[in-house]
Amino acid sequence: MRTEMLRQEASGQKGRQVRCEQVRTQMCSQVRAEMRPEVCTEELNLMKTVQPRSPQPDAALAAAGLRLLETYAGLAERGEHLLGRLLAGEAPRQWAHYPEDDAIDHASNYQWFYHSHSPEDRPGAVEHGHIHLFARKPLWGRRLYSRSERAFAELCGNPSANPATRHLLTIGFDAKGLPISLFTVNSWVTGDLMLGADLTLELLSSLTLGTGHPEVDAVIESVARLCEPELREVMRLRDEALRSHQAAGKLQDEALELLSEVRIDLDAKLSALSAV
């Protein structure tokens, strides 16, 4: 995508924004105060207007950035929170799955759910909740015998389980519904298994979602496109944590829960994509 096209698209967003106070008032009527539901238009303006720091962006990154902006600008215009429809306008119940039976794309074979923990469960965490993202068996069933997957299975202690899903990634969100972190958790947390870093990154790079929750799907896909360096780092740290944990049955060791975490700064990424 050429830089001029990017500028024109970004400029077109401005006409769709509403005043921050209007958004805050409308959001509070839809999602309880616990959710701090405002999607601040001022933050969207900042994403678009901060001076660029990088040369002409890659077309795929530019498209992902514009899609992310389009999604949040549309939510702001309608006075909606990213998770408002998913939560049916109510504050989320801790530990509950949203949706209850997961959001599943049977065509692409990806699925996800959102939930939140109690503050006591993750002391010091600044996220409001997070989305767990999974790949279903058709995406990886024939890949488990590759050299890299056999090596990863050995790293994990050669688990004998054969679950129908593999956990790919967790995306942390703040109370405004903005992504703030990427992290991985041990297998006992999600009840399935993981995949090697190479295959996980490949599946994330080709991620497409059509679960019936278009705004959430768009944000997940955009984050996967925009955050490739952070994804590589979170996978490296995950494998390092698994490698350093020598105890038997490491995947079921409840003392080992959070394997890796990386903060993400989408403001910086979107500012860089506005390069002239």
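I counted as helices the DSSP runs of H or I with at least four residues and as strands the E runs of at least two, numbered from the N terminus. The model I am reading is predicted, so I kept in mind that local features need pLDDT of at least 70 and side-chain atom pairs 80 or more, while totals for chains, interfaces and linings use all residues. Residues are numbered from 1 along each chain as its sequence is written, and side-chain values use heavy atoms, with hydrogens and water left out.

The pocket holds about 330 Å³ of space and is lined by 18 residues, with Leu144, Ala153, Pro159, Ala161 and Arg166 nearest its centre. By class, I noted 10 nonpolar, four polar and four charged residues in the lining; Ala, Val, Leu, Ile, Met, Phe, Trp, Tyr, Cys and Pro count as nonpolar, Asp, Glu, Lys and Arg as charged, and the others, Gly among them, as polar.

Next I turned to the helix packing. Helix H7 (residues 197-205) and helix H9 (residues 228-244) pack at an angle of about 155°, with their axes 10 Å apart. That makes H7 roughly antiparallel to H9, a label for angles over 145 degrees, whereas 65 to 115 counts as roughly perpendicular. Ala197, Thr200, Leu201 and Leu204 in H7 meet Leu231, Arg232, Met235, Arg238 and Asp239 in H9, where contact means heavy atoms within 4.5 Å. I sorted this contact into five nonpolar, one polar and three charged residues.

Helix H8 (residues 214-226) also packs with H9, at about 80° and with axes 5 Å apart. That makes H8 roughly perpendicular to H9. Here Ala224, Arg225 and Leu226 in H8 meet Glu228, Pro229, Glu230 and Leu231 in H9, and I divided them into four nonpolar, no polar and three charged.

I then followed the chain to His245, which sits in the loop between H9 and strand E6 (258-263). Leaving aside neighbours within four places in sequence, I found His245 in contact with Lys250, Asp253 and Leu256. His245 and Cys156 are 89 residues apart in sequence, yet 9.7 Å apart in space, C-alpha to C-alpha.

Last, I checked the backbone. The peptide bond from Tyr98 to Pro99 is cis, with omega near -10°, and Pro99 belongs to strand E1 (residues 98-105). Ala88, in the loop between helix H4 (59-78) and E1, has a positive phi of about 55° although it is not a glycine.

Terms used. Axes are lines fitted to C-alpha atoms, for helices over the stretch in contact, and angles run from 0 to 180 degrees between N-to-C directions. Angles under 35 degrees count as roughly parallel, over 145 as roughly antiparallel, 65 to 115 as roughly perpendicular and the rest as oblique. On a 1 Å grid over the protein atoms alone, a cavity is a set of points where a 1.4 Å probe fits but cannot get out, and a pocket is an open set with protein on both sides within 12 Å along at least five of seven lines; lining residues have an atom within 4 Å of a point. Grid points are joined across faces, edges and corners, and a volume is the space filled by probe spheres set on the points.
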